[in-house]
Amino acid sequence: MRTSLKRSGRLAAAAACATLALSACGSSSIDEQTSENKENAAASGDCGELNMAVNPWVGYQADAYVVGTLAKEKFGCTVNYKDLKEDVSWQGFGTGEVDLVIEDWGHPDLEKKFFEGEGDGSAQDLGPTGNEGIIGWYVPPWLAEKYPDILDHENLDKYAQQFKTSESGGKGQFLGADPSYVQFDEAIVSNLDLDFKVVFSGSEAASIEAFEKAEKDKEFLIGYFYEPQWLFAEVPLKKVELPDYEDGCQDDPAEVACDYPVTTLKKVASTSWVEEGGPAVDLVKNFEWTNDDQNEVAKYIAKDKMEPEAAAQKWIEENPDKVEAWLG
Amino acid sequence: MSTATDTTTPAVDTTPAASPEPEARSGPSRWVLVVAVVVGWVLLWLVVRGQDTLQLAGRERTDVMRWLGEFRDGVIASRDTNALVAFTGAVGEGIRTLFGELQQVFSLPAFPRPVPQIGWLGVVALATWAGTAVANLRIAVLVAVTFVSYGVLGYWEQGIDLLLVTGLSVAAVVVIGMPLAVAVGTSRRARAVITPVLDAMQTMPTFVYLLPVVLFFGIGVSSAIVCTLVYALPPLIRIGGYGISAVSTSAIEATDSTGQTSWQRLRKVQLPLARTTIVVGLNQSTMAALSMAIIASYVDGPGLGEPVLSALIRNDVGASLVPGLLIVLTAIMLDRATTAASERAELAARGRGLRGRARTVVLGVGGVVVLVCVYLSRTYLPLAAWPETSLGRDLADTLDSATDAVVGVLGGAGEALRNAISYGLLNPMQSLLAESPWWLAASALVLVSAALGGLRAVVPTVVFGTGILLLGLWHSTMLTLTMVLVATVLVMVIALVLGVWMARSRRVDLLLRPLLDAGQTIPAFCYLIPVLALFGFGRFAAIAAAIVYAAPAAIKLVADGVRAVPETTLEASRSTGTTSWQEITQVQLPMARGSLALAANQGLLYVLAMIVIGGLVGAQALGYDVVLGFSRSEEWGLGAAAGITIVLLGLMLDRVARAAADRTGGRVDARSRFTLPRRLSPTRT
């Protein structure tokens, strides 16, 4: 039994190899492609490498892969995508491991460490991406439709008991966000004297799942969220009115009682990479698009389940004029 | 962050033998004492509730946290001049270069070639041949299936990268770990020094040291391997060390009489006699290394973790489950292969398996076939690069709708269960632990541990409790402790029910084991979203995730323990006409008491390992603090303090549980310190 098994295994393996070998005949050989690659490399420009940090959210992937794909195809750059959290990305500027963070939502502490002036100067601001981050308090659409007055913070207490969960200690539950975001909700709740308790979701995945579930099961939910975000294509959350943001109203974290400001998302790059120059640096400087543009690519990735490269490629083909403007 | 330790009866018999009749002396009175303490606690709590709870206001940070943060900032600021950073940086560079070379051979296009040096056919043939060479033909088939699955499902590059990372890490574990295992095995003093370090290495959440490691070793595979080492070294050192120290003194004395040097004794007597145990340690280290796959991808570590995380940010459950299941398959392959490899020589000696001339011929012919395959895969594109198929996506979609269907059916029940446990158990317990003044909670904990484990339990409670107090996260610790205790109780309830069922029915055992294996090796990140969909975010979601991970280990221990009750004993009791229920409660469970204690201890430690995952699904407390520290540079000090607190809490609970188990007579074997010498595979003896 054992021997026959052994023998048949061997035979099967040999047969499989042989079949594959035969079926492979006539297809393009590796050698041909190798020499083709060599020629292409010689022909394309000398762009060098672009080390692109890819922070973990879909909107970021949209920016990163659109710019990365262009750098690769138009200028022949070697683009290394590196999946990193924000802190690690910024640490990498000084060591040459990271050249570019293409969507930054604001990291005052990191700027203090790495920007010229306060820090070691290994990083610099390359200007806005054109996207505007709209941070604030959001509710699922069914809730806004059924109770329109809920969109004003002054009416929130009326519904506090309905927002109550096992986690919120008898008060209404406010869903705090992924810890990557600077949040003042505990202060806002207490300074506006609302009968709510902030319970942190702990991750973006948990926040998204919570809003999706709330819309599907028609549950009460209010929490910190932000645009642009692919979730809006599926569940168009509604923003709750807070006292308007004014300059300085968030200076003292304990005293915050106003809405979040509109955040200008920006590009941050390694100083040494910018100084070396090259076509990719200009491309990144010129890159600017709208929330709708990003949402479209994000939708390809998140809803249509395309690979980020393919999604970027598709958008590039569909938007030649916008792309042309960045190529200078 | 999941350990892949698993728990079936291993080569080393760690299932404590069914011990003699329970010692009646301490049984009931201990629990009376505990109840008395709790009653007193509740009465006092009614009066002083809400005072001195040491709860930090939203952004309040203590001096310890600020100091930790400043220390980190100092290291960053000095990185260009720091000699240590220069040295580790060079080591990191070396690792990345070596890894890059290996990738070009096996997984990544070696420019200007459009494909790696060796295409998939060659790699599959090589791996299958290696499986035959180190183990047997069955393993070879398993290896081939695993490798082909990577390719067919579209994760070839990531799968091979994961194996390369694991391989390099395990090689480093052997080089660094073996000398330490020898030290632990031969010197009592070395063991006393090294053991607490190992405890800390295994309980410290990776999120705490991930960023500093990157600072020293650079982004990418270098840091991934260093972090993996921290987690994967302890099993080999502990288990290998135990094996060396357990070599019988008579064997040593007999050979010492020949006048051997200590080096000769080590090489000729201790290491060979401890070989089986050392291999078990190596097996456990390999599983631990594999379990770091996801975390490593937070710092651009290559492997199957990357597609899991990237699917998670899109809420794409199916797409995260496919690479997750490939990790499970990889774990099973490596586990079975290392086990079979360690048994091969022995089996051959007993005249079983492939051996002698037959083996030489098979391997020789196979070698030629491999060479042909390698050649072909270097020549023809279809044999080098997998064709693009939609199989991976189709499987992901199927898994997605299956998950949706399950969530749809169970959704209501999940909600009800969550509310029952949260309002009925979590809230009252949390209110007692966390809303008591710290001095009351601390005294009560000391008294409870005294009642449970005597002086041996009091000392660690006081020492580690003081440490927790000084770190400034007392309130968070009490919240976490509540969840850990509730989760452990639920784990034990499940373990008792399923474990006994498995022990009494062979069919149930066969059915459940693969599921348990999968539960222990599938990355938690793959089931976070289904758990959230079922239970909503919050403490119960965290507990549910912890149960998925911790229950399998406990279930297997209970099952093995109950099955180890001698048939003759059962027959004796049956002859007196006992019912099944009486048989279980009066014979099987009391006699398996040692295994139950061990299961509770292991369940507890596995639950502790999930605290940080809990923070990601809304459990707040220490887990959230760690995640916050990992996510925001300015909060790193808080995260580090929370991480150290988790270590101290883990040590405290482990020592108390062990002292308590010793007093019941259900002695938790000394070998089982933290990680057990247990492996994934079912018993083969």
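In chain A, 17 residues of domain 1 are in contact with 12 residues of domain 2, two residues being in contact if their C-beta atoms, placed from the backbone, lie within 7 Å. The structure is a predicted model, in which local features need pLDDT of at least 70 and side-chain atom pairs count only at pLDDT 80 or more, while totals for chains, interfaces and linings use all residues. Residues are numbered from 1 along each chain as its sequence is written, and chains are lettered from A and ligands numbered from 1 in the order in which they are written.

The domain assignment of chain A gives domain 1 as 46–132 + 264–327 and domain 2 as 134–263, with bounds that come from an automatic or database domain assignment. The C-alpha centres of domain 1 of chain A and domain 2 of chain A are 29 Å apart. On the side of domain 1 of chain A that touches domain 2 of chain A, two or more residues each come from helix 3 (58–75), strand 4 (123–139), strand 9 (262–270) and helix 13 (291–302) of chain A, where helices (H or I, at least four residues) and strands (E, at least two) are DSSP runs numbered from the N terminus. Helix 13 of chain A gives the largest share of this side, 6 residues.

For the complex, the predictor gives an ipTM of 0.87 and a pTM of 0.89. Chain B has an average pLDDT of 87, and 93% of its residues score at least 70, pLDDT being the predictor's confidence in each residue, from 0 to 100. Over residues 669–685 of chain B, the pLDDT is below 50.
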